[in-house]
Amino acid sequence: MTLDTAYIRGSMAAILSVLQHSSCPQNIAFHFVASASANASLLRATISSSFPYLKFRVYTFDDSFVSRLISTSIRSALDCPLNYARSYLANILPLGVRRVVYLDSDLVLVDDIAKLAATPLGEKSVLAAPEYCNANFTIYFTPTFWSNPSLSLTFADRKACYFNTGVMVIDLYRWRAGDYTSKIEEWMELQKRMRIYELGSLPPFLLVFAGNIVPVDHRWNQHGLGGDNFRGLCRDLHPGPVSLLHWSGKGKPWARLDANRPCPLDALWAPYDLLQTPFALDS
C-alpha cells in the first residue's frame with residue numbers, strides 16, 4: 001500500500017480489516033510506499049503505535065521518478081505522484097519479494113487476504129485483478145487514440161477489458177523480466193506529446209496489461225463506493241458476494257462521516273476507523 005497524510009486514516013482502516021479477517025495475521029508482512037517528501041518517521045510511528053506487532057517496512061518513493069511524466073487528469077487527486085508508485089514496485093521492493101498484493105488505501109477487506117494472495121497466475125501472467133468486460137472500454141481513451149491506427153491496433157489481438165488497479169496480485173519477478181515499468185513509462189511519455197487518455201495512472205496499465213491478465217472474482221473488488229470522479233454520489237453494492245469493499249471515486253467514507261453526510265455503505269467502513277478523534281498528522 002502507499003502511505004501518505006491525506007489517506008492515512010483509510011490506510012489504518014484497511015490494515016485493521018486485513019488483520020481482523022486473516023486466519024494467520026502473524027504471517028502477513030506489509031510493504032508501505034511513502035513519498036520522499038513525506039514525514040516517513042511520523043507515518044511509521046503512527047502505524048507502530050496502533051499495530052505494535054505488525055511486520056512492516058516503509059519505503060520512500062522519489063516523486064521525481066514520475067513527476068515529469070504526469071499529465072493533468074479529470075480530478076487533481078489522481079495526479080499525485082504517489083498514485084504512480086504501483087508502477088515502480090519492482091524497483092522499490094527487495095529482490096527477494098516475489099509476489100505482492102497491491103491494495104489502495106480506500107478499501108476494507110471482509111475476507112482472508114491469503115485467498116486473494118494465492119490467486120494462480122498460470123505459466124506467464126504478470127498480474128491478476130478484477131476485470132470488468134461489460135464496461136465501455138473505449139471511454140478510457142480519447143478520440144485521438146482511437147482515430148490513430150498505429151495506436152488503436154495496440155488492442156487488436158487482445159480481448160481487452162477494463163480492470164481496477166486498486167486491487168492487484170503481482171509477480172514481481174515476471175514484472176522485472178518483462179521490464180514492464182519501462183513499457184508503462186513509454187505510454188506516459190506519449191501522453192505528454194499527444195493526449196490519449198484522461199484518467200491518471202490507470203490507462204497506462206490498461207495499455208500494457210488489458211487482455212493479458214488473470215481475472216479475479218468480483219467479490220474482491222466491490223468498487224465505486226466513493227461515487228464518480230466528479231460528484232462522489234452514494235452508490236449501492238453490486239450484486240453478488242463481498243470479500244472487499246472499495247470506496248474508489250471522489251467520495252471517501254472518512255470525509256463524509258466527518259462532514260456528517262455519510263452514504264449508507266459508509267457504515268460498513270466506520271467499524272475499522274481507528275482515527276475517529278480529530279487527528280492532525282501534519283502538525
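Student: Is arginine 256 buried or exposed, and what is its relative accessible area?

Tutor: This is a predicted model, where local features need pLDDT of at least 70, side-chain atom pairs count only at pLDDT 80 or more, and totals for chains, interfaces and linings use all residues. Numbering runs from 1 along each chain as its sequence is written, and side-chain values use heavy atoms, without hydrogens and water. Buried means under 20% relative accessible area, exposed over 50%, partly exposed in between (1.4 Å probe, protein chains only). Arginine 256 is therefore buried, with a relative accessible area of 10%.

Student: Which side chain meets arginine 256 in a salt bridge?

Tutor: A salt bridge puts a side-chain nitrogen of Lys or Arg within 4 Å of a carboxyl oxygen of Asp or Glu. Here the N to O distance is 2.9 Å, and the partner is aspartate 266.

Student: How many residues apart are aspartate 266 and arginine 256?

Tutor: Helices are DSSP runs (H or I, at least four residues), numbered from the N terminus. Aspartate 266 is in helix H12, arginine 256 in helix H11 (residues 253-258). The separation is 10 residues.

Student: Where does aspartate 273 lie, the salt-bridge partner of arginine 9?

Tutor: The arginine 9 and aspartate 273 side chains meet at 2.8 Å, N to O. Arginine 9 is in helix H1 (residues 8-20), so the pair ties together parts 264 residues apart in sequence. Aspartate 273 lies in the segment after helix H12 (266-269).

Student: Which residues are linked with Arg9 in a network of salt bridges?

Tutor: A search of the whole structure gives 9 salt bridges. The network links Arg9 with Asp258 and Asp273.

Definitions and conventions:
Helices (H or I, at least four residues) and strands (E, at least two) are DSSP runs, numbered from the N terminus.
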